[in-house]
Amino acid sequence: MDQKIVFLTILGMAAVTYIPRAAPMLALAARGIPEPVMRWLSYIPVAVLSAMLAPSLLLREGSFDFGMDNLFLWAALPAFALAIKTRSFFGTVALGMGLVAAGRFFLGG
Amino acid sequence: MQERVIDSGKDRGAVFQAARKIAPLAMGYIPVGMAFGVLAQKAGLSVLNAVLMSVFVYAGSAQLIAVGMFAAGAPPVSIILTTFVVNLRHLLMSAALAPHLSKWGLGRMAAFCYQLTDETFALHSMRFAEGDRDRRQTFMINAMAQTVWILSSWAGALAGSGVPDVKPLALDYALPAMFIGLLAMQAENGLKWLTAGFTGLTAVVLVQAGLDQWSVIVATVIGATFGAGVETWTKK
């Protein structure tokens with residue numbers, strides 16, 4: 001693989017990643033933000049996180065999977081319970097990964 | 001905005017505090033960063049390029065998708081376009097944090113945005129909502145988080161040839177597990193949970209409809225509109 005082309009691709013990726021990260025904040029800073037927009041924005045964190053999470057738990061190869069061997073989904077249940085109960089981010093990541101690793105080891109998934 | 005005089009003792013305290021804030025985040029970044037490094041090495045990227053991608057792009061899921069595309073021999077233009085679409089969701093995060101940082105000045109905001117990721121966004125939106133907008137602390141958290149990310153990618157790229165598969169270590173579950181922890185912290189009331197559920201299902205439907213690349217941003221817009229709509233409607 002030509003590493004020079006890889007590097008130029010990385011620079012392109014950097015540019016298209018930075019623009020959406022910075023443009024809204026720089027544009028919105030200049031003026032006040034009306035209350036309804038603020039209210040809408042306050043739902044962005046939960047919305048974006050669940051939009052990224054749900055398909056990875058519920059779908060495998062594009063279709064619903066509620067089978068016992070869908071470890072991503074079943075490991076998520078105790079991980080959610082622990083996260084809600086303890087608010088421990090560290091513990092949640094450790095428990096989730098531990099369960100998936102253990103499941104693969106014992107069930108050979 | 002109040003400025004505090006910081007002596008060296010407090011300085012150490014600030015470093016320590018920032019380190020405590022990113023410790024859980026690092027717990028997720030280390031396995032994901034290493035998984036990225038391993039996959040980058042397997043895709044044929046040099047160690048230097050793998051590290052530079054973490055320096056310049058610094059976006060976990062996009063980097064993982066990009067190495068997959070490099071491995072499949074995709075043309076650079078399509079890798080860049082995919083990165084653009086996948087990372088468009090940051091538009092919404094940047095807008096959501098804008099009200100909190102409006103007094104920082106454009107230069108500082110521009111610097112802050114460079115290190116705006118899913119995880120730092122979730123962390124800062126929580127801090128800012130609690131009124132903790134200390135600028136030094138914010139930049140320290142961002143610098144430490146990216147340092148962890150870069151070092152993990154580097155370690156993964158170096159170890160790449162010796163790691164046959166990332167699955168037995170559940171490295172591929174670090175990202176979902178991180179999102180679970182972040183979501184539980186963000187959802188502080190029933191309506192937020194309802195919004196999360198609604199948005200999640202919307203995203204699933206969109207993926208099934210074949211809109212993989214757009215599912216996150218479209219579902220987020222629909223979901224936030226749903227949440228804000230229900231809040232407005234129930235308050236009347």
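The following legends describe views of a two-chain predicted model.

The model is predicted: local features require pLDDT of at least 70, side-chain atom pairs count only at pLDDT 80 or more, and totals for chains, interfaces and linings use all residues. Residues are numbered from 1 along each chain as its sequence is written, chains are lettered from A and ligands numbered from 1 in the order in which they are written, and side-chain values use heavy atoms, with hydrogens and water left out.

**Figure 1. Fold of chain A.** Five helices and two strands form the secondary structure of chain A; helices (H or I, at least four residues) and strands (E, at least two) are DSSP runs, numbered from the N terminus. Their order along the sequence is α-α-α-β-β-α-α. Chain A is more spread out than a compact globule, because its radius of gyration of 20 Å is well over the 13 Å that the globule rule gives for 109 residues. That radius is taken over C-alpha atoms, and the rule is 2.2 Å times the number of residues to the power 0.38. Along the principal axes, the C-alpha atoms fill a box of roughly 55 × 50 × 30 Å. Of the contacts in chain A with a separation of 6 or more, 24% are between residues 24 or more positions apart, where contact means heavy atoms within 4.5 Å.

**Figure 2. Fold of chain B.** Chain B comprises eleven helices and zero strands. Its radius of gyration is 19 Å, close to the 18 Å given by the globule rule for 236 residues, so chain B is as compact as a globular protein of that length. The C-alpha trace spans about 55 × 55 × 35 Å along its principal axes. Residues at least 24 apart in sequence supply 76% of the contacts in chain B between residues at least 6 apart. Buried residues make up 53% of the 236 residues in chain B; buried means under 20% relative accessible area, exposed over 50%, and partly exposed in between (1.4 Å probe, protein chains only).

**Figure 3. Interface between chains A and B.** Contacts link 94 residues of chain B with 66 residues of chain A. Together the two chains bury about 7,100 Å², with 79% of this area on carbon and sulfur atoms. On the chain B side, B:Met27, B:Tyr173 and B:Ile180 lose the most area to chain A, together 10% of what that side buries. Buried area is the accessible area (1.4 Å probe) that two parts lose on being put together, summed over both.

**Figure 4. Surroundings of B:His90.** B:His90 lies in helix H5 (residues 90–101) of chain B. With 1% relative accessibility, B:His90 counts as buried. Beyond its neighbours within four places in sequence, B:His90 contacts A:Pro20 and A:Arg21 in chain A, as well as B:Leu116, B:Thr117 and B:Asp118 in chain B.

**Figure 5. Loop residue B:Tyr58.** The loop between helix H2 (47–56) and helix H3 (60–71) of chain B contains B:Tyr58. Although B:Tyr58 is not a glycine, its phi is positive, at about 50°. B:Tyr58 is classed as buried, with 1% relative accessibility.

**Figure 6. Loop residue B:Ala170.** B:Ala170 is placed in the loop between helix H8 (135–159) and helix H9 (174–186) of chain B. This residue, not a glycine, has a positive phi of about 60°. The relative accessible area of B:Ala170 is 0%, and the residue is buried.
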